[in-house]
Amino acid sequence: MASLRVGFLGCGLIGRSHAAGLSSVKQAEIVSVFDPDGKRSARFASDFCPSAGLDAIAASAEAVIEAVDVVYVCTWTSEHRRLVEMAAHAKKAVFCEKPLATSLDDAVAMQQAVASAGVTNQVGLVLRHSPAFRWLQQQISQANVGRLMSIVFRDDQYIPTQGLYDSVWRSDINKAGGGALLEHSIHDLDLLEWMMGPISEVTARMDSIHGIHGIDDQASVLLVAESGAHASLVSIWHDMLNRPSQRRVEAICQRGFFSLEGDWSGPVHYELADQSGQPQSQGTLGDEQLEAAAAEVDKITNSPDAGFIAAALEDRPAYPDFGTALQAHRLADAAYRSAQAGGLAVPTPPLVFDKS
Ligand SMILES: NC(=O)c1ccc[n+]([C@@H]2O[C@H](COP(=O)([O-])OP(=O)(O)OC[C@H]3O[C@@H](n4cnc5c(N)ncnc54)[C@H](O)[C@@H]3O)[C@@H](O)[C@H]2O)c1
């Protein structure tokens, strides 16, 4: 079976996580890496490049792109656009971490670059692969539960300038582009539009309790979908180092209540009523049972990396792609504008690109 040569730009936390994910993908081999932090690239090469070892360390991003078939862009956010444009120009399939960029304009340019080049592209909105969210998205779209009315979405983690993440760049607005909402909850904005359908109104309030310039650590966002459904998103960066990053979601439909705790393996809980409002069924799913239930409703793999490599091998679109990420960037942009104006902002119209 054909195999792809994979290159990594950025050998930090998420680069290592994707490299670990690729270790079980037989059709991919990491052969070239670059990170200006030499200790990180050396550790990465010795851990994840069994054939090349330290010879996998390249002198520049350009050298990596030249040496491989597919490129992972796992640097801090402000470097994403430049590196993605280089990879697209070289006609290499590209996986880029979320958020795509520090601004909506840059995200638009990146989508345009991969669309014009016609290269397979995927974004690190990895919760699109989560059994828990796939199950929830499918359940609330069933006709028997009636209309989706409201979603309450809480996302909290300790501020990632410390602990496991330990990143200075996340406190630099020029490198990160924003705080909890853009850097972390771009996932949540994407999931909410996936579950609710097109969103037409966004109202937001954001604050910085830690007082880091431009870095929101407390965001409350109200979203209204064209369908009439509402969602409230609360995203927090606190200081409880022993509390893992976690989400809790409650979705209320006319005849169905769903809750999700644990954003990958659950548990998820459901309570359904019949047409006359009488109890019909209820239950809780988690782990293998939830994985099996999610696998029954779609063909999405649990592994974002296996999905990307399969798409790149077949030279076909990957999931979720830059176009998907761009829609979430529109919502983040609207939320920041709303917070700055202290009022309501309407997202820009959906962005559609052809490949010419
Ligand atoms: N999908 C997810 O759930 C998820 C989780 C964590 C981080 N991320 C995203 O991944 C990106 C990286 O985050 P991280 O936690 O791995 O950060 P990190 O600080 O652990 O690693 C970033 C690395 O990029 C390197 N780098 C900077 N500029 C570079 C360049 N031009 N070429 C090559 N390497 C360069 C840095 O030296 C650093 O080692 C961010 O955009 C972040 O938002 C996504």
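In the predicted model, the ligand is surrounded by 24 residues, the closest being Ile-14, Asp-35, Arg-40, Trp-169 and Glu-183; a residue counts as near a molecule if one of its heavy atoms lies within 4 Å of it. The model is predicted, with local features requiring pLDDT of at least 70 and side-chain atom pairs counted only at pLDDT 80 or more, whereas totals for chains, interfaces and linings use all residues. Residues are numbered from 1 along each chain as its sequence is written, and side-chain values use heavy atoms, with hydrogens and water left out.

By class, the shell comprises 9 nonpolar, 7 polar and 8 charged residues (Ala, Val, Leu, Ile, Met, Phe, Trp, Tyr, Cys and Pro are taken as nonpolar, Asp, Glu, Lys and Arg as charged, and the others, Gly among them, as polar). At least three shell residues come from each of domain 1 (4–124 + 306–320) and domain 2 (127–300), the bounds being those of an automatic or database domain assignment. Helices H1 (13–22) and H4 (80–89) each contribute at least two residues to this shell; helices (H or I, at least four residues) and strands (E, at least two) are DSSP runs numbered from the N terminus.

Polar contacts are pairs of N or O atoms within 3.5 Å. An N or O atom in the side chain of Asp-35 is 2.6 Å from a ligand oxygen. For Arg-40, the distance from a polar side-chain atom to an oxygen of the ligand is 2.8 Å, and for Arg-170 the corresponding value is 2.9 Å. Of the 850 Å² of accessible area that the ligand has on its own, the protein covers 91% (Shrake-Rupley method, 1.4 Å probe).

Backbone geometry was also examined. Most residues other than glycine have a negative phi, and most peptide bonds are trans. The bond from Gly-266 to Pro-267 is cis, with omega near 10°, and Pro-267 is located in the loop between strands E11 (256–261) and E12 (268–273). The Tyr-319 to Pro-320 bond is likewise cis, with omega near -10°; Pro-320 occupies the loop between helices H11 (304–313) and H12 (322–341).

Key: Polar contact = N/O pair within 3.5 Å; in protein donor to acceptor, adjacent residues only side chain to side chain.
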